[in-house]
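User: I would like to go through this model and ask what its labels rest on. Please set each value against its cut-off where one applies.

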Amino acid sequence: MSSPVIAAEDPYTHIVFIKEWLQTGSFADSTYLGTAMYPPGFHALSGALASDGGVDLYQWALWFPIALAAVAIVGTFVLANRLGGSAAGLAAALLVAGMPEHAFRTELFFPTALDLAVLPLFLLAFVLACEASGRGAAALFLVVAMPLAFAHPLAFPLFLVPPLC
């Protein structure tokens with residue numbers, strides 16, 4: 001949070017992809033850059049949330065990674081607390097808070113930040129679904145799996161495992 005500037009090239013690439021999606025409605029990689037690099041999920045989510053919230057995309061690229069890091073830390077605490085108690089939850093949350101992705105790269109607007117934020121909830125839903133905690137756990141698993149499937153379509157086979165439990 002100490003830097004008022006975006007410190008790398010990649011976040012600008014993502015901003016271009018988001019602008020193109022908002023202008024053309026296309027989920028393809030940017031025609032300005034002429035290459036296929038990323039699945040559309042991160043750009044679609046960011047474009048929808050930033051435009052609905054009335055936030056400038058540059059400001060979005062500065063603050064969204066910090067919000068995602070906070071979600072990742074809290075989600076990790078909840079997951080580890082559920083699996084190993086409050087000491088495990090606190091230790092896991094502190095470990096995630098100290099990760100370079102969260103501690104030193106807060107101004108880097110990358111899809112990895114979305115993955116790290118959603119993954120603890122995804123794993124918690126997976127554990128609850130495998131423990132047969134009811135339809136609510138399975139529904140939570142499916143809801144959390146959707147953004148991951150949209151952001152990373154190649155991870156779709158992972159979503160088929162809980163029904164096998």
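User: Which helix supplies the largest share of the nonpolar patch?

Analyst: This is a predicted model. In it, α3 gives the largest share of the nonpolar patch, with 3 residues. Both α3 and α4 (86-97) supply at least two residues of the patch.

User: What makes V74, F77, V78, L90 and L94 a nonpolar patch on the surface?

Analyst: A patch residue needs over 30% relative accessible area and no salt bridge, and nonpolar side chains are joined within 5 Å. V74, F77, V78, L90 and L94 form such a patch, and together they have about 440 Å² of accessible area. Of these names, L90 is found in helix α4.

User: How many helices and strands does the chain have?

Analyst: The chain has 7 helices and 0 strands. Read along the sequence, the pattern is α-α-α-α-α-α-α.

User: Why is A72 called buried?

Analyst: The relative accessibility of A72 is 0%. Buried means under 20%, so A72 counts as buried. A72 is found in helix α3.

User: What share of the chain is buried?

Analyst: Buried residues make up 38% of the 165 residues in the chain.

User: Why is M146 called exposed?

Analyst: Exposed means over 50% relative accessible area. M146 has 54%, so M146 is exposed. M146 lies in helix α7, which covers residues 135-151. The C-alpha atoms of M146 and G41 are separated by 9.7 Å, and these residues are 105 residues apart along the chain.

User: What makes G136 count as exposed?

Analyst: The relative accessibility of G136 is 52%. The cut-off is over 50%, and G136 therefore counts as exposed. G136 lies in helix α7. G136 and A125 are 11 residues apart along the chain, and their C-alpha atoms are separated by 9.2 Å.

User: How much space lies in the largest pocket, and which residues are the closest to its centre?

Analyst: About 160 Å³ of space lies in the largest pocket. The pocket is lined by 13 residues, of which V71, L114, A117, V118 and L121 are the closest to its centre.

User: How do you know that these residues count as lining?

Analyst: A lining residue has an atom within 4 Å of a point of the pocket. For the largest pocket, 13 residues line it.

User: Which helix gives the largest share of that lining?

Analyst: The largest share comes from α6, with 6 residues. Helices α3 (57-84) and α6 (111-130) each supply at least two residues of the lining.

User: How many residues of the lining are nonpolar, polar or charged?

Analyst: The lining of the largest pocket has 12 nonpolar residues, 1 polar residue and no charged residues. Val, Leu and Ala are among the types that count as nonpolar, so V71, L114, A117, V118 and L121, the residues closest to the centre, belong to the nonpolar class.

Note on methods: Residues are numbered from 1 along each chain as its sequence is written. This is a predicted model: local features need pLDDT of at least 70, side-chain atom pairs count only at pLDDT 80 or more; totals for chains, interfaces and linings use all residues. Side-chain values use heavy atoms; hydrogens and water are left out. On a 1 Å grid over the protein atoms alone, a cavity is a set of points where a 1.4 Å probe fits but cannot get out, and a pocket is an open set with protein on both sides within 12 Å along at least five of seven lines; lining residues have an atom within 4 Å of a point. Grid points are joined across faces, edges and corners, and a volume is the space filled by probe spheres set on the points. Helices (H or I, at least four residues) and strands (E, at least two) are DSSP runs, numbered from the N terminus. Patches are made of residues with over 30% relative accessible area and no salt bridge: like charges are joined within 9 Å, nonpolar side chains (Val, Leu, Ile, Met, Phe, Trp, Tyr) within 5 Å. Accessible areas come from the Shrake-Rupley method with a 1.4 Å probe; for residues, only the protein chains shown count as cover. A salt bridge is a side-chain nitrogen of Lys or Arg within 4 Å of a carboxyl oxygen of Asp or Glu. Buried means under 20% relative accessible area, exposed over 50%, partly exposed in between (1.4 Å probe, protein chains only).
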